[in-house]
Amino acid sequence: MPVGRPKKMINLYILDILKRYSDIEHPMTQRAIQEKLETDYDIKVDRKAIKANLTDLIIDGNYGVEYLKEDIRMTPDKNGDMMETTIYSDFYYESSFTNSELHWLIDSVLFSNHIPINNKKRIIKNLQSQTNHYFKFGVGNINFETTNDREISSNLFLNIELIDEAINDDFQISFGYNEYGTDLKLHLKKYPNKAKEIIRKYVVSPYTMAINSGNYYLICYCHN
């Protein structure tokens with residue numbers, strides 16, 4: 001159990017608790033949040049502090065903290081004057097993905113023919129981390145087929161990102177083609193010269209990219 005957590009981080013702890021233990025069907029009361037702060041973070045916080053931090057998270061509007069009930073009450077201020085106060089209750093975290101959307105995404109990864117097995121497991125694990133305690137999608141008993149898997153270069157998505165930047169910034173790009181040698185390894189394609197073999201580089205103006213059946217294609221104008 002974590003010990004010595006700084007109380008100035010309470011708002012982040014509350015946000016984490018709501019992410020892990022709540023959704024619109026499972027809202028949490030201030031008392032339930034208070035109990036989780038004690039069990040998960042070893043912090044004792046009074047209800048007033050929890051209320052203040054929850055209100056800040058809701059008013060900010062950028063953290064996905066929502067509530068189901070709102071009550072307007074008249075309460076006295078420090079001077080004894082009556083003032084209008086908004087009381088929130090039944091708090092929950094509104095995830096970026098619904099459970100149905102996460103199921104669709106995980107299914108898409110599972111049935112993909114061009115994502116290697118290790119990548120599938122990692123991606124599914126990351127997707128599962130985006131939801132809460134109530135989301136159930138076990139992969140422990142799923143047999144990941146290997147017959148349709150193919151290896152994807154670790155540089156593939158980096159290259160896609162660089163090409164995308166070149167398209168957006170109206171830059172040209174250059175590249176070479178690979179081919180298999182007699183050693184069964186990939187080598188940059190060369191064209192024989194009288195003095196030496198030289199690597200042929202292509203210079204193109206990229207227009208857009210397309211994907212079909214797991215293959216990526218660059219639509220461009222070749223200058224050479």
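## Salt bridges

A salt bridge is taken here as a side-chain nitrogen of Lys or Arg within 4 Å of a carboxyl oxygen of Asp or Glu. In this predicted model, the structure holds four salt bridges. In one of them the side chains of Arg20 and Asp40 meet, with 3.0 Å from N to O. This pair links distant parts of the chain, since Arg20 belongs to helix H1 and Asp40 to helix H2 (residues 30–41), the two residues being 20 residues apart.

## The S1–S2 hairpin

Strand S1, which covers residues 65–76, pairs with strand S2, which covers residues 82–93, in the antiparallel sense and over eleven bridges. Within this pairing, Lys69 has Ser89 in S2 as its bridge partner. Five residues lie between the strands of the hairpin, and in this hairpin Gly80 takes a positive phi near 90°.

## The largest cavity

The structure holds one cavity of 30 Å³ or more, and the volume of the largest cavity is about 30 Å³. Its elements with two or more residues in the lining are helix H3 (47–60) and S2, the latter being also the strand that pairs with S1. The lining is made by Gln30, Lys51, Leu54, Thr55, Ile87, Tyr88 and Phe91, and by class these divide into four nonpolar, two polar and one charged residues.

## The second largest pocket

The second largest pocket has a volume of about 470 Å³. It is lined by 21 residues, of which Asp23, Tyr93, Ser95, Phe97 and Asn132 are the closest to its centre.

In its composition, the lining of the second largest pocket has ten polar and five charged residues, together with six nonpolar ones.

Key
Residues numbered from 1 in each chain as written. Predicted model: local features only at pLDDT ≥ 70, side-chain atom pairs only at ≥ 80, totals over all residues. Heavy atoms only, no water. Pairing = 2+ DSSP bridges. Helix = DSSP H or I, 4+ residues; strand = E, 2+ residues; numbered from the N terminus. 1 Å grid on protein atoms, 1.4 Å probe; cavity = no way out; pocket = protein on both sides within 12 Å on 5 of 7 lines; lining within 4 Å. Points joined across faces, edges and corners; volume = space filled by probe spheres on them. Nonpolar A, V, L, I, M, F, W, Y, C, P; charged D, E, K, R; others polar.
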